[in-house]
Amino acid sequence: MNIEERGVSFQCAGCWLYGVLSLPAAMPASARGVVLVVGGPQYRVGSHRQFTLLARELAAQGVPVLRFDYRGMGDSEGELRDFADVEPDLRAAIDAFFAEVPGTTEVVLWGLCDAASAAMFYAHQDRRVTGMVLLNPWARTEEGAARAYLRHYYLKRLFDPGLWKKIAAGRFKPAAALRSFRGLLGKAAGGNAASSQPAEAAQAASQALPQRMLEGYSRFRGRTLFITSGADLTAREFEALAAGREWRRAMRGRQVARERLPDADHTFSRTEWRDQVARWTADWLQRW
């Protein structure tokens, strides 16, 4: 590929953060860039080198890309933090991007899993962010996960020849399976009577996650591309959430595009899946 790559460093709250810029060989006079938001816990290369390969592919098509490590992750300094506490890191990275790439006029945030959630929290606060590519957003609650598991795992399991072979061989444990099924039913119904106070606090925090995502996303006025995997319970949980009235209202309009890979797993681990995601991203960036 005819591109340039170089390391960059910048500060955030007194810590040095490190990343890699992938740049077209010939930069346009004005450019829309992409900042890859990393899900955790991982660093800027991404699962199966997805972020590295995506950045190079987009740069080869004329789009400058920055991928970097949050504080406490990879090469960057500071204490480890989760996706709900990276807004200063994102702002610092976008500041650095504009400083390092003259002519940049706007950026798109690209994030997988909880990185997509972090992008929803942040994007509406920064006018420089005009678009987001959100893959399998993390909207996990005990209730939502249980419902997704019941709907997609158990129904599929009934038609699995391996299950019936296990039953015929006497290796199936019905009592344990029934306990697990009842537990999921209770969680799906929102019941948790035996929970301790810390567990209740954790559950309340998880229930607040989808609402915080919705509030952030509803305030964003840019464009969005949603990409989901058909063989991923995280994606299924978000799709169920997005089918609700409030999310449908927030996602309504021409500025929202949606794509789905029916057989793909959570991290798009096969080459053909990763390449399709890159094509969808590049095509979407060129449409506006």
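Reader: Is Asp275 buried, partly exposed or exposed, and what is its relative accessible area?

Author: The model is a predicted one. The class of a residue follows from its relative accessible area, because buried means under 20% and exposed means over 50%, with partly exposed in between. Asp275 therefore counts as partly exposed, with a relative accessible area of 31%.

Reader: Which residue meets the side chain of Asp275 in a salt bridge, and is that residue buried or exposed?

Author: The side chain of Asp275 meets that of Arg274 in a salt bridge, at 3.6 Å from N to O. The relative accessible area of Arg274 is 19%, and the limit for a buried residue is under 20%. The residue asked for is therefore Arg274, which is buried.

Reader: How many salt bridges does the structure hold, and which parts of the chain are linked by the pair Arg56 and Glu5?

Author: The structure holds 16 salt bridges. One of them joins the side chains of Arg56 and Glu5, with an N to O distance of 3.1 Å. This pair links distant parts of the chain, 51 residues apart: Arg56 in helix 1 (residues 50-60) and Glu5 in strand 1. The number asked for is 16, and the parts are helix 1 and strand 1.

Reader: Which residues are linked with Asp126 in a network of salt bridges?

Author: Asp126 lies in the loop between helix 3 (114-122) and strand 6 (129-135), while Arg91 lies in helix 2 (residues 87-100), 35 residues apart. Their side chains meet in a salt bridge at 3.9 Å, N to O. Asp126 is buried, with a relative accessible area of 6%, whereas Arg91 is partly exposed at 32%. The network links Asp126 with Arg91, Asp95 and Arg128.

Reader: In what order do the eight strands of the open sheet lie, and which are the edge strands?

Author: The sheet is open and its pairing is mixed; its order is 1-2-4-3-5-6-7-8. Each edge strand pairs on one side only, and these are strand 1 (3-12) and strand 8 (256-261). From one strand to the next, the twist averages 20 degrees. The order is thus 1-2-4-3-5-6-7-8, and the edges are strand 1 and strand 8.

Reader: Which residue in strand 4 is the bridge partner of Leu36?

Author: Strand 3 (residues 31-37) and strand 4 (residues 65-68) run parallel and are joined by three bridges. The partner of Leu36 in strand 4 is Arg67.

Reader: Is Arg67 buried or exposed, and which side chain makes a polar contact with that of Arg67?

Author: Arg67 has a relative accessibility of 5% and therefore counts as buried. Beyond four places in sequence, its contacts include Glu5, Leu36, Phe51 and Thr52. A polar contact of 3.3 Å joins the side chain of Arg67 to that of Thr52.

Reader: Which backbone nitrogen does the side chain of Ser76 reach?

Author: Ser76 is located in the loop between strand 4 and helix 2. Ser76 is buried, with a relative accessible area of 9%. At 3.0 Å, its side chain reaches the backbone nitrogen of Tyr18.

Methods. Residues numbered from 1 in each chain as written. Predicted model: local features only at pLDDT ≥ 70, side-chain atom pairs only at ≥ 80, totals over all residues. Heavy atoms only, no water. Pairing = 2+ DSSP bridges. Helix = DSSP H or I, 4+ residues; strand = E, 2+ residues; numbered from the N terminus. Axes fitted to C-alpha atoms, helices over the stretch in contact; angles between N-to-C directions. Buried < 20%, exposed > 50% of the residue type's maximum accessible area, 1.4 Å probe, protein only. Polar contact = N/O pair within 3.5 Å; in protein donor to acceptor, adjacent residues only side chain to side chain. Contact = heavy atoms within 4.5 Å. Salt bridge = Lys/Arg side-chain N within 4 Å of Asp/Glu carboxyl O.
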